[in-house]
Amino acid sequence: MSEPQVVSPQWRAAVIQDFARSELFERTFQEGMELVEETAAYLDGVGRQESKLLSRNAALAYASESMRLTTRLMQVASWLLVQRAVREGDMPPTAACEDRYRLSEDHGREAGDGAEDLPAPLLILLDRAERLYERVRHLDRRMYVENADAAAPANAVLSHLDRLKNAFGA
């Protein structure tokens, strides 16, 4: 069984900066911010009118789902803004590694009473936000969480021996 590879802080900082400067980041950032704006416009406009026409159970489901939707999108937007701050030099990559910038665990949507009567535009926004959240969560895990796990050696003694071997060319 092979030892986990030790990830240096410099390597991780380079990965974070490379991502923040990438086309993938640009597209994800644009998509995320557009979805936030589109969702806000819907919930403050047409969605508000549609929610008034729903049954009591559907109105409760609407309130619950719209709250979850906005929470999820704010988490994604916050994560994307941290990456942009790294790109623009306003935040060092090491600061972006802090746990407070990680996405929280999301347990997906559970269909409850009235969920089948939710307006189609809300369901579409929920689906789009869920897919975006999952992509960003994957990026977050790959860039920060999985690398943090790999950075902690499984056996400190073997890690020190490996460093000594590398230092002395053995």
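Ten salt bridges turn up in a search of the whole structure. The term covers a side-chain nitrogen of Lys or Arg within 4 Å of a carboxyl oxygen of Asp or Glu. This is a predicted model: local features need pLDDT of at least 70, side-chain atom pairs count only at pLDDT 80 or more, and totals for chains, interfaces and linings use all residues. Residues are numbered from 1 along each chain as its sequence is written, and side-chain values use heavy atoms, with hydrogens and water left out.

Start with Glu38 and Arg128. Their side chains form a salt bridge, 2.8 Å from N to O. Glu38 sits in helix H2 (residues 23-44) and Arg128 in helix H6 (residues 120-151), so this pair ties together parts that are 90 residues apart in sequence. Helices here are DSSP runs (H or I, at least four residues), numbered from the N terminus. Glu38 is partly exposed at 38% relative accessibility. Arg128 is partly exposed too, at 27%. The classes are set by relative accessible area: buried is under 20%, exposed is over 50%, and partly exposed lies in between (1.4 Å probe, protein chains only).

Next comes helix H4 (residues 56-87). Within it, Glu65 and Arg68 are three residues apart, which means about one helical turn separates them. Their side chains meet in a salt bridge at 3.1 Å, N to O. Glu65 is buried, at 8% relative accessibility.

Now turn to Glu98 and Arg100. Their salt bridge spans 2.7 Å, N to O. Glu98 is partly exposed, with a relative accessible area of 34%. Arg100 is exposed, at 63%.

Methods:
Helix = DSSP H or I, 4+ residues; strand = E, 2+ residues; numbered from the N terminus.
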